[in-house]
Amino acid sequence: MIYLTEPLDSKHDRKSFSCGKDLLDNYLWYQAKQDVKRKLSACFVLVDEETKKLAGYYTLSSNSISNELIPESFKKKLPKSYDSLPTILLGRLALDKNFKGRGIGRLLLIDSLKRCYETSESIGAFAIITDPLDKEAEKFYLKYGFIKLPDSGKMFLPIKTIKELFG
Ligand SMILES: CC(C)(COP(=O)(O)OP(=O)(O)OC[C@H]1O[C@@H](n2cnc3c(N)ncnc32)[C@H](O)[C@@H]1OP(=O)(O)O)[C@@H](O)C(=O)NCCC(=O)NCCS
């Protein structure tokens with residue numbers, strides 16, 4: 001598959017990035033590289049070809065969720081013996097303020113879904129999980145088919161749904 005993003009490394013100018021949400025900016029500035037080094041997450045960045053500035057980033061990590069959180073309609077065919085299901089966490093996704101409102105956030109999300117789908121071909125994963133920062137982020141994910149999980153604030157998108165797009 002062809003991706004728009006590349007793995008974060010030291011050549012990228014992280015400090016000039018600002019999406020306007022401190023938590024997501026601080027993560028990229030101060031923690032992302034360490035997390036990658038420690039294998040706690042993978043971080044992929046979108047680089048603007050003209051200016052070489054970072055336009056956006058997202059992180060992925062392996063994860064699991066309790067079987068009990070999954071809505072009944074999705075677990076009908078799953079073996080009852082599984083207490084938790086393997087998932088991929090789309091932990092953070094953000095676009096620099098200068099690039100917003102032009103459909104690039106959507107492309108960044110699609111890029112992350114492609115990576116998750118391809119990963120699930122090698123390592124089992126039932127769904128992608130996100131933990132939206134706020135109501136605005138939740139609305140963005142809802143628009144692309146993510147489903148709210150009860151009680152946790154988290155959202156999920158079955159890999160099967162993504163397979164229908166890329167498979
Ligand atoms: C959320 C974010 C990635 C969207 O990026 P963007 O490039 O501005 O969005 P796009 O231009 O690709 O918009 C794609 C569609 O999503 C919609 N959309 C964008 N932001 C939205 C939001 N916050 N709520 C609901 N819909 C939203 C757009 O209206 C557009 O819909 P359309 O195709 O029907 O016109 C970006 O605003 C961002 O980085 N925000 C700060 C960080 C953040 O909240 N991240 C989310 C998860 S932690």
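Start by selecting α1, whose buried residues (20 or more other C-beta atoms within 10 Å of their own, C-beta atoms being placed from the backbone) pack against β2 (42-47), β3 (54-66) and β4 (84-95). Packing here is contact, meaning C-beta atoms, placed from the backbone, within 7 Å. Helices (H or I, at least four residues) and strands (E, at least two) are DSSP runs numbered from the N terminus.

Before going on, note that this is a predicted model, in which local features need pLDDT of at least 70, side-chain atom pairs count only at pLDDT 80 or more, and totals for chains, interfaces and linings use all residues. Numbering runs from 1 along each chain as its sequence is written.

**Along α1**

Now colour L24, Y27, L28 and A32, the buried residues of α1. An α-helix has 3.6 residues a turn, so residues three or four places apart point the same way. Next, centre on Q31, where α1 has a kink of about 60 degrees; the bend is the angle between axes fitted to the seven residues ending at a residue and the seven starting there.

**Into the core**

Select Y57, L90, C116 and I128 next: they touch the most other members of the largest nonpolar core, which has 41 residues. Such a core is a set of buried Ala, Val, Leu, Ile, Met, Phe, Trp, Tyr and Cys residues joined through C-beta atoms within 7 Å. β4 gives the most to this core, seven residues. Stay on L90 and show its contacts beyond four places in sequence: Y58, L60, S112, I128, I129 and T130.

**Around the ligand**

Move to the ligand and show K100, G105, R106, A137 and K139, which come nearest among the 21 residues around it; a residue belongs here if its C-beta atom, placed from the backbone, lies within 6 Å. The largest share of this shell, five residues, is from α4, and β4, α3 and α4 (135-143) each supply at least two.

**Two loops to finish**

Go to the loop between β2 and β3 for K52. K52 is not a glycine, yet has a positive phi of about 65 degrees. It counts as exposed because it has 11 C-beta neighbours inside 10 Å, the cut-off being 12 or fewer.

Last, find D151 in the loop between β6 (147-148) and β7. D151, also not a glycine, has a positive phi of about 70 degrees, and it counts as exposed with 8 C-beta neighbours inside 10 Å.

Note on methods:
Contact = placed C-beta atoms within 7 Å.
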